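The sequence and the model are shown first.

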Amino acid sequence: MSSMAPLIAAAIVAGTPLMLAALGLLVNEKSGVVNLGAEGMMLVAAIVGFATAVKTGSATFGFLAGAGSGMLLAAFFALLTVWLGTNQYATGLALALFGSGASAYIGIDYVSHSLESAKFALPFLADIPFLGQALFRHHPMVYLSLLLCAAITWFLYRTRAGLVLRAVGESPASAHALGYNVRRIRLAALLFGGACCGLAGAFMSLVYTPMWVEGMVGGRGWIALALTTFATWRPARVLIGAYLFGGITILAFYIQGLGVAIASQWLSMLPYVATIIVLVLISSNASWIRLNMPASLGKNFNPG
C-alpha cells in the first residue's frame, strides 16, 4: 500500500494537464467548433508561462501568462474560422505546427533554466495515512481542475447560458433565428478553451516538469482531443479519462523503474496506443457517436 500512494499521486498530476486541456476543448466542441491546435497552444503556453515565472519569480504570473497566450492563439483561430470561414481542421493543424515552431524559437534562451519544485499540502488532510500522500499533497492547480470540471458540468446542464451554448453546437441556424449571436458565442467558447489549454501547457512547465524542454508537451494536446470523444462530450467522463491516461503514462515509467526487460520506446508508446485502442472501440458504434456528438461539430456558420 505504501508504494501505491505515490503512484496514485503521480497519476493525478500526469492527468491534470490532460483534463484541463480536454475540458476547454469540450466547451469548444459543444459550441460546434473543433480546434486541432491544442498541441501548439499548450507548447506556446508552456514556454510563455515558464519564461514569465523565471522573469518574475512567481508561478501565479506564469499561469496567467500561459492562459493569456492560449487565449490569444484561440482568438486568432476564431478570427480565421468563425469570421473568415476557413476550414476548422486545416486551420487547427496549422496552429499546432505554428505553436511547435514558435515555442522552440522562444525557448532557445530558457533551455538551461529550471524552477524549484514547491511543496504543497492541505492542512490536516495531508497527514492522513495513505490518502494524505495520494490525494492531499498536490499543487493547487490540481484541485482547481477538479472545481473547473464541476463548474463546467453545472454551466452546461444547469444554466440558460449553457443551454444556449449547446443549442449553438446543435443547430447554429436555429439559435441565430432566435436572436443569439452565434459568432460571439463561439468566440467566447474558443477563448475559454484557449485559456484552459494555456493553463495545461503552463502546468507542464511549471509543475509537472519545472523546466523548459522543446516539445515537452509530448502529444498531450492530441490525447486531450481524443479524450473529448472518449468522454462522449461529458465533463465528468473527461475527468475519468484524464486520470486513466495519466495512470497509463506513470505505469510506463514505473515498469521501467522495475527493470523489466522491455525497450523504453515500447513503454513510451503505451499512452498513445491506449488512446488509439479506446477511439477504435468507441468509434465501432457509429450511432452512439452521432447520438452524443454536437450536430454542427466542425461546420462553419455563415449568418448571411
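Leaving aside neighbours within four places in sequence, H138 is in contact (heavy atoms within 4.5 Å) with A9, I12, V13, F120 and Y143. The structure is a predicted model, in which local features need pLDDT of at least 70, side-chain atom pairs count only at pLDDT 80 or more, and totals for chains, interfaces and linings use all residues. Residues are numbered from 1 along each chain as its sequence is written, and side-chain values use heavy atoms, with hydrogens and water left out.

H138 itself is placed in the loop between helix 5 (131-135) and helix 6 (140-158). Helices here are DSSP runs of H or I with at least four residues, numbered from the N terminus. With a relative accessibility of 6%, H138 counts as buried; buried means under 20% relative accessible area, exposed over 50%, and partly exposed in between, with a 1.4 Å probe and protein chains only. The H138 side chain also reaches the backbone oxygen of A134 at 2.9 Å.

The loop between helix 4 and helix 5 contains F124, P129 and F130.

| Residue | Relative accessible area | Class |
|---|---|---|
| F124 | 74% | exposed |
| P129 | 69% | exposed |
| F130 | 29% | partly exposed |

F124 has a positive phi, near 70°, in a residue other than glycine. Phi of F130 is positive too, near 65°, and this residue is likewise not glycine. P129 lies 9.4 Å from A5, C-alpha to C-alpha, although the two are 124 residues apart in sequence.

Aromatic rings of Phe, Tyr and Trp (its six-membered ring) are paired if their centres lie within 6.5 Å; planes under 30 degrees apart count as stacked, over 60 as edge-to-face and the rest as tilted. By this rule there are two aromatic pairs. In one, the rings of F50 and Y110 have centres 6.4 Å apart and planes at 85°, so the pair is edge-to-face. This pair links distant parts of the chain, 60 residues apart: F50 is in helix 2 (residues 38-56), and Y110 is in the loop between helix 4 (88-106) and helix 5. Both F50 and Y110 are buried. The rings of F230 and F245 are also edge-to-face, because their centres are 5.8 Å apart and their planes stand at 70°. F230 lies in helix 10 and F245 in helix 11, so the pair ties together parts 15 residues apart in sequence. F230 and F245 are both buried.

Helix 10 (residues 220-230) has 10 of its 11 residues buried, so it is largely enclosed by the rest of the structure. Among these buried residues are R220, G221, I223 and F230. Helix 10 is followed by T232, whose phi is positive, near 50°.

Helix 11 (residues 235-257) packs against helix 13 (residues 270-283) at an angle of about 145°, with the axes 8 Å apart. Axes are lines fitted to C-alpha atoms, for helices over the stretch in contact, and angles run from 0 to 180 degrees between N-to-C directions. On the helix 11 side, F245, I248, T249 and A252 meet L270, P271, A274, T275 and V278 of helix 13. By class, this contact has seven nonpolar, two polar and no charged residues; Ala, Val, Leu, Ile, Met, Phe, Trp, Tyr, Cys and Pro count as nonpolar, Asp, Glu, Lys and Arg as charged, and the others, Gly among them, as polar.

Conventions: Helices (H or I, at least four residues) and strands (E, at least two) are DSSP runs, numbered from the N terminus. A polar contact is a pair of N or O atoms within 3.5 Å; within protein, one must be able to donate a hydrogen and the other to accept it, and residues adjacent in sequence count only if both atoms are side-chain atoms.
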